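Hi everyone, thanks for coming.

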Amino acid sequence: MIVVTGATGSIGRALTGLLPREEVVAVVRRPAGLACAEAVADFERPETIGGLLSPGDRLFLNSSLWPGVADAQRAVVDLASEAGVAQIVSVSVRGARPGGPLGADPHGRIDDHLRACGVPYAILRPSGFMQNLPGEVRDGRFHGSYGEARVNYIDTRDVAAVAAALLTAPVGPSAVHELTGPESYTHAEIAAVISAAAGKPVAYVDLPVPEMTAHLVARGLPEPAAGALAAMMRDMGRTDWWSLSTAVRDLTGRPPRTLAAFAAEHAAAFA
Ligand SMILES: NC(=O)c1ccc[n+]([C@@H]2O[C@H](COP(=O)([O-])OP(=O)(O)OC[C@H]3O[C@@H](n4cnc5c(N)ncnc54)[C@H](OP(=O)(O)O)[C@@H]3O)[C@@H](O)[C@H]2O)c1
């Protein structure tokens with residue numbers, strides 16, 4: 001079987017729709033009415049996920065982040081190894097490394113554990129998700145501290161497509177896959193793409209880190225995370241969030257979705 005964690009999430013929902021229905025078990029925290037078999041389990045009780053795994057299964061490892069995520073996912077990796085799982089495909093993030101900012105740290109620790117666990121693995125390291133963008137636009141504006149840096153966004157459906165390809169092909173050599181969309185943009189250019197799709201102006205407002213931190217706090221993010229996120233936006237110009245990989249095309253046989261196509265599909269949300 002293919003056991004899919006995070007099955008109600010943005011990647012997970014797309015993934016369960018791409019896999020052979022009779023081979024999938026979707027791990028959910030509460031019944032979700034997905035179009036495949038569901039099993040209720042929780043990363044905070046890793047044994048509930050471990051109990052779903054049998055020899056030869058393939059595991060898709062993914063969840064949102066919380067302070068205990070690295071311990072929880074590493075415990076599930078250990079249980080998958082004990083169960084004789086044939087492959088783990090996990091979702092990490094571009095630039096993952098222990099000690100890195102925000103999600104880079106837990107993902108770096110999970111990735112290191114996965115590489116050492118003895119189970120064949122595929123670690124997916126996507127850039128930022130296009131699906132974040134609609135929620136950031138309010139009153140015709142969105143904010144950041146990116147300056148003129150070019151950054152990359154990928155559609156989560158392309159992350160799911162890569163995972164589906166890996167989980168349904170014979171288990172290949174373990175690898176880390178950097179996943180990107182097809183183009184990188186400054187945020188002013190992103191605003192232009194969104195404006196064209198929305199049919200009305202949407203402006204990108206660049207803020208210094210302290211002002212961006214205050215903006216994020218006003219939108220409900222706790223202070224330390226807000227400051228770290230604003231600083232990460234500023235630093236994207238100094239780190240590699242713009243270079244492109246061919247992994248989506250190489251692994252799925254078709255190019256990743258463009259930002260223009262995503263914006264057109266979500267025009268109402270942007271407007
Ligand atoms: N956002 C970005 O730009 C970005 C970029 C690169 C990488 N990533 C990585 O992508 C991953 C998130 O993927 P996504 O966007 O598909 O997720 P998502 O839409 O945020 O959904 C999160 C999923 O995790 C499940 N979940 C959360 N806590 C759980 C727990 N304790 N036990 C079991 N399931 C739990 C949720 O279940 P419920 O429905 O029950 O809540 C949901 O299915 C994260 O690792 C993130 O670091 C994000």
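Okay, let's start with a sheet. It is open, has three strands in the order β7-β9-β11, and its pairing is mixed. Helices (H or I, at least four residues) and strands (E, at least two) here are DSSP runs, numbered from the N terminus, and two strands pair if DSSP finds at least two bridges between them. In general, strands of a sheet pair through backbone hydrogen bonds, either parallel or antiparallel. At the edges sit β7 (128–129) and β11 (184–185), each pairing on one side only. Between β9 and β11 there are two bridges, and these strands run antiparallel. If you want to find that on screen, look for N152, which stands opposite S184 in β11.

Before I go on, a quick word on where this comes from. It's a predicted model, where local features need pLDDT of at least 70 and side-chain atom pairs count only at pLDDT 80 or more, while totals for chains, interfaces and linings use all residues. Residues are numbered from 1 along each chain as its sequence is written, and side-chain values use heavy atoms, with hydrogens and water left out.

The structure holds one cavity of 30 Å³ or more, and the largest cavity has a volume of about 40 Å³. A cavity is a set of points on a 1 Å grid over the protein atoms alone where a 1.4 Å probe fits but cannot get out, and lining residues have an atom within 4 Å of a point. Grid points are joined across faces, edges and corners, and the volume is the space filled by probe spheres set on the points.

Which residues line the largest cavity? They are M130, V151, N152, Y153, E183, Y185 and L259. Strand β9 (residues 151–154) gives the largest share of that lining, three residues. Sorted by class, the lining has five nonpolar, one polar and one charged residues. (Ala, Val, Leu, Ile, Met, Phe, Trp, Tyr, Cys and Pro count as nonpolar, Asp, Glu, Lys and Arg as charged, and the others, Gly among them, as polar.)

Next, the largest nonpolar core. Of its 31 residues, F142, Y146, Y153, I190, L259 and F270 touch the most other members. Such a core is a set of buried Ala, Val, Leu, Ile, Met, Phe, Trp, Tyr and Cys residues joined through side-chain atoms within 4.5 Å. Buried means under 20% relative accessible area, exposed over 50%, and partly exposed in between (1.4 Å probe, protein chains only). Helix α7 gives the most to this core, with five residues. Take I190: leaving out residues up to four places away in sequence, I190 touches L133, F142, Y153, Y185 and L259, where contact means heavy atoms within 4.5 Å.

Over to another strand. Why is β5 (residues 87–91) largely enclosed by the rest of the structure? Because five of its five residues are buried. Both faces are covered, with Q87, V89 and V91 buried on one side and I88 and S90 on the other. Four bridges join β4 (residues 58–61) to β5, and the two run parallel. In β5, Q87 is the bridge partner of R58.

L102 has a positive phi of about 45° although it is not a glycine, and L102 is partly exposed, at 34% relative accessible area. D139 also isn't a glycine, yet has a positive phi of about 50°. D139 lies in the loop between α5 (133–136) and β8 (141–144), and D139 is exposed, with a relative accessible area of 77%.

How values were computed:
1 Å grid on protein atoms, 1.4 Å probe; cavity = no way out; pocket = protein on both sides within 12 Å on 5 of 7 lines; lining within 4 Å.
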